[in-house]
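Work through the exercises below with the sequence and the model in view. Each task is followed by a stepwise solution.

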Amino acid sequence: MPIFSPRFKNSLDVGGGSQIGFDDADIVNFLKPDGQDDYVSADVALRNSDIYSAVFQLSADLASSRLTTNNSRNQGMLNNPTTWTNAYSFWQSVYAQLLLGGEAFIYRWRNRNGIDIRWEYLRPSQVSVFPLNDYSGLYYNVTFDSPLVGVVNSIPSSDMIHFRLLSQNGGATGISPLRSLASELKIKDSSNKLTINALTKSVLTPGILEVDGGGLMEAKHKSALSRQFMNQVNNSNGGPVVIDKLETYTPLEIKGDVSKLLAQTDWTSKQIAKAYGIPDSVLNGQGDQQSSLKMIGGDYAKALMRFGRAITSELSNKQSSQVEIDIKPAIDPVNDDYTTNINSFKQSQLLTSGESKWLLKQTGYLPPNMPDIPENNTEGSEPIVESN
């Protein structure tokens with residue numbers, strides 16, 4: 001891939017001001033010695049189970065959410081954006097890239113009339129961002145995977161959907177959340193190595209076999225006695241081990257210090273959850289013991305909407321029609337919270353019984369053709385005829 005010189009820095013921009021087209025963290029950190037190895041590649045990050053869990057859950061829930069607009073043609077593109085794969089997989093890959101890199105790109109393939117035909121997901125390494133000469137807008141140079149297309153320069157901003165998270169240049173490009181976790185991941189890696197080394201040292205020797213008067217033995221005799229004892233242990237099929245009266249065997253246990261090392265892994269989980277603005281209980285942490293499930297769910301919904309606003313704002317700008325995101329299918333897939341709220345509104349007389357049923361039918365919780373049975377009649381009853 002050719003080397004460009006963008007004026008804006010994105011997640012793959014190096015210190016010299018030249019952008020490279022590969023995702024090797026070692027090369028990026030080598031070319032940028034003043035960055036103190038602050039570049040964390042997506043490949044390395046996804047090997048961390050907590051980052052993988054956070055990115056997978058957030059991207060899956062955002063993809064499960066419903067994008068809506070009042071323009072039927074634009075709604076069709078939101079529902080079926082690409083012919084490469086299904087809509088859910090497409091949007092999850094876009095959102096995952098946004099969460100990992102702080103920005104994501106979609107190229108709009110359009111016909112001569114400017115109508116969208118299909119959208120193509122682009123990796124950040126394929127895209128370089130430039131300002132116009134008068135800084136009134138942006139344009140893009142893109143290296144497409146298809147050899148039939150190749151490199152396309154000076155793509156106008158109207159043809160590119162560019163999602164960004166936190167920015168340091170007025171929203172031109174985004175900053176990766178992984179940048180804030182560079183130190184934590186180093187500590188995590190060192191902690192893992194230390195823990196594995198401690199576990200290896202602690203269980204390397206299963207126990208101590210003491211022999212009365214063994215200090216007079218030569219080293220080869222001690223090794224031979226050890227091998228004979230281990231052969232007896234391995235061949236006993238779980239039965240008792242017979243030792244001499246002058247011998248004493250003491251098994252070793254994992255020390256408390258190693259257990260403390262294992263418990264330190266929760267610290268990085270909390271830091272990762274903090275970086276993505278989600279409750280640490282989402283990453284199977286203990287979370288705040290005083291927080292209820294409803295409070296945790298509310299905090300997670302707020303986190304989804306923070307990312308959702310970055311998505312809908314860009315789509316509304318490029319599609320010239322207001323786009324909204326409904327996260328209820330992600331946070332309340334079986335409508336339990338929704339029905340509880342409807343029942344609360346009914347009991348407080350904010351809604352009538354008929355209005356509550358209508359709302360439940362609109363969400364699919366009740367069958368849409370369910371008949372409205374009057375409340376004063378019971379099933380199977382007959383009208384009472386008064387006789388004079």
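**Exercise 1: a strand pair**

Val127 stands opposite Val142 in β5. The model is a predicted one.

Task: Determine in which sense β4 and β5 pair, and over how many bridges.

Solution. Step 1: β4 spans residues 127–131, and β5 spans residues 138–143. Step 2: the two strands pair in the antiparallel sense over five bridges. Step 3: they form a hairpin with six residues between them. In its turn, Tyr135 has a positive phi of about 60 degrees.

Task: Decide whether the residues of β4 are buried or exposed on either side of the strand.

Solution. Step 1: Val127, Val129 and Pro131 point one way. Step 2: Ser128 and Phe130 point the other way. Step 3: buried means under 20% relative accessible area, and all of these residues are buried. Step 4: since five of the five residues are buried, β4 is largely enclosed by the rest of the structure.

**Exercise 2: helix α4**

Task: Find which residues of α4 are buried and how they are placed around the axis.

Solution. Step 1: in α4, residues 72–79, the buried residues are Asn74, Gln75, Met77 and Leu78. Step 2: they cover an arc of only 160 degrees around the axis, which puts them on the same side of α4. Step 3: the face turned away from that buried side carries the exposed residues Ser72 and Arg73.

Task: Identify which residue caps the N-terminal end of α4.

Solution. The cap is Asn71, with a side-chain oxygen 3.0 Å from the backbone nitrogen of Arg73.

Conventions. Residues numbered from 1 in each chain as written. Predicted model: local features only at pLDDT ≥ 70, side-chain atom pairs only at ≥ 80, totals over all residues. Heavy atoms only, no water. Buried < 20%, exposed > 50% of the residue type's maximum accessible area, 1.4 Å probe, protein only. Helix = DSSP H or I, 4+ residues; strand = E, 2+ residues; numbered from the N terminus. Arc of directions from axis to C-beta. Polar contact = N/O pair within 3.5 Å; in protein donor to acceptor, adjacent residues only side chain to side chain. Pairing = 2+ DSSP bridges.
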